[in-house]
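Here is a short briefing for a reader who is new to this structure. Look it over first, then go through the points by topic.

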Amino acid sequence: MSSNVTTSQTVGPFFSIGLCRSIKQNLVEADVSGERVSIEGRVLDGDGQPVPDAILEIWQANSYGKYAHPEDDQDKPLEANFTGYGRIPTNDAGTFHFSTIKPGPVPDPDGKLQAPHIAVSVFARGLLRRLVTRVYFPDEPANDSDFALKLVEPARRGTLVAKKITGPVGAALEWNVILQGSGETVFFDCGL
Amino acid sequence: MARIFSYRRPHPDTQPRYLHSPYASSIKRAPAKPPVYLPQTLSEITGPSFPNVETEVKATDLTRQHHGDPLGERIIVSGRVTDQDGRPLRQALIEIWQANAAGRYLHESDQHQAPLDPNFTGCGHALTDNEGKYRFVTVRPGAYPWGNHYNAWRPAHIHFSLFGPAFATRLVTQMYFPGDPLLPFDPIFNCTADESARNRLISVFDWETTIPSLALGYRFDLVMSGREATPYGALT
């Protein structure tokens with residue numbers, strides 16, 4: 001016997017009461033290995049207006065390409081101080097930012113390596129279920145052969161790749177979430 | 001490791017589409033293009049866990065987070081979290097948030113004419129036990145007006161956020177109350193086409209968990225994605 005999964009409902013406009021108890025915008029402790037990256041961007045609606053009531057959740061491997069999860073049985077080091085999970089709300093200008101490390105590559109279903117990426121869930125008022133997308137890294141040769149990027153029509157792949165910018169404290173990456181319309185971010189159907 | 005035991009995908013119409021025009025906020029926020037089908041990889045079948053989350057009494061009893069008792073009807077909300085095959089999901093993090101008994105959220109964007117309650121914040125969290133069970137003590141939230149359409153009112157509801165075993169199983173939903181006359185008119189409750197899927201968002205009044213002279217019990221069970229029976233991907 002198999003039941004249906006419980007139906008999703010929107011987080012609504014007041015989710016900060018329940019979800020912002022545990023904001024995590026900085027995933028990096030001092031002794032975590034890997035290249036530090038600061039990623040910022042905006043969530044925009046179909047009119048190009050900022051979305052101030054959105055919240056992102058991210059999930060990624062550590063710099064070795066190992067997930068802190070029992071089903072990752074790769075022979076790669078785990079780091080106790082790196083969970084790979086973050087939760088990042090947008091502010092009144094629809095802007096978000098987080099600090100992490102560039103993840104190492106993880107395998108795809110064919111046993112080849114995927115390009116380094118961060119899995120992202122987007123929740124907001126108006127989204128009846130979460131949106132799923134990915135952040136990839138600029139100047140990364142592995143992007144050309146990446147399993148998931150190849151599923152996307154070439155003209156839209158760029159929406160998944162962060163861009164280098166100069167941030168307030170040095171180099172940073174910009175990656176935006178365009179919910180609808182021109183330049184719409186690629187969203188994935190990965191299940192729920 | 002390359003062979004992947006995926007989590008099953010939902011049956012059509014048992015989950016909402018992104019665009020549901022009666023819900024005005026979806027109109028400019030729903031993507032116009034269909035999502036790209038992504039077979040699950042190691043990135044999707046893993047996900048965060050929260051072994052160190054504090055679950056002191058205050059986290060699960062929303063009536064004991066302040067010096068005094070909150071106003072309103074005290075209730076017990078409990079249930080079980082399982083996968084689609086009925087297996088309990090253990091140590092699953094549940095976060096809830098809700099309006100107070102007057103229908104007002106402790107949030108700067110909620111400015112409707114109902115009082116805040118100094119003894120009620122409206123948020124809690126819990127980890128499921130070894131049988132997948134959870135239990136909260138709270139007050140029954142009030143209905144409240146919103147700007148979606150003329151004379152629009154949200155039925156009483158409690159927001160639920162759940163982390164299952166994987167990124168692919170992440171779920172956020174809302175729990176409703178049986179017999180609420182506002183349900184047929186609520187565009188959010190009605191966003192899912194399948195009627196039985198919708199109706200499982202309505203909790204069940206429960207004598208078993210009702211505490212005499214103290215609190216009525218409502219039962220709300222949640223189902224998260226189960227596994228495919230066969231793996232895919234290359235053996236390495």
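In this predicted model, Ile55(A) stands opposite Pro89(A) in β3(A).

**Strand β2 of chain A**
- Five bridges join β2(A) to strand β3 of chain A, residues 85-89, and the two run antiparallel.
- β2(A) also pairs with strand β5 of chain A, residues 117-124. This pairing is antiparallel and spans six bridges.
- Within β5(A), Val122(A) is the bridge partner of Leu56(A).
- β2(A) covers residues 54-59, and six of its six residues are buried.
- Both faces of the strand are covered. Ala54(A), Leu56(A) and Ile58(A) lie on one side. Ile55(A), Glu57(A) and Trp59(A) lie on the other.

**Where chain A meets chain B**
- In chain A, 66 residues are in contact with 73 residues of chain B.
- On the chain A side, α1 (16-19), β5 and β10 (188-189) each supply at least two residues.
- β5(A) gives the largest share of that side, five residues.
- By type, the chain A side divides into 30 nonpolar, 23 polar and 13 charged residues.
- Strands also pair across the two chains: two bridges join β10(A) to strand β1 of chain B, residues 36-37. These two strands run parallel.
- Phe188(A) stands opposite Val36(B) in β1(B).

**The largest nonpolar core**
- This core has 103 residues.
- Val122(A), Phe123(A) and Leu162(B) have the most contacts inside it.
- β5(A) gives the most to the core, with six residues.
- Leaving aside residues up to four places away in sequence, Leu162(B) touches Val81(B), Ala92(B), Ile94(B), Leu171(B), Leu222(B) and Met224(B).
- In soluble globular proteins, nonpolar side chains tend to be buried together.

**A four-stranded sheet in chain B**
- Four strands of chain B form an open sheet in the order β4-β3-β8-β9, with antiparallel pairing.
- β4 (123-127) and β9 (171-176) of chain B stand at the edges. Each has a single partner strand, so one side of each is left without a neighbour in the sheet.
- From one strand to the next, the twist averages 20 degrees.
- Strand β3 of chain B, residues 93-98, is joined to β4(B) by five bridges, and the two run antiparallel.
- Trp97(B) stands opposite Cys123(B) in β4(B).

Definitions and conventions:
Residues numbered from 1 in each chain as written. Chains lettered and ligands numbered in written order. Predicted model: local features only at pLDDT ≥ 70, side-chain atom pairs only at ≥ 80, totals over all residues. Buried ≥ 20, exposed ≤ 12 C-beta atoms within 10 Å, placed from the backbone. Pairing = 2+ DSSP bridges. Contact = placed C-beta atoms within 7 Å. Nonpolar A, V, L, I, M, F, W, Y, C, P; charged D, E, K, R; others polar. Core = buried A, V, L, I, M, F, W, Y, C linked by C-beta atoms within 7 Å. Axes fitted to C-alpha atoms, helices over the stretch in contact; angles between N-to-C directions.
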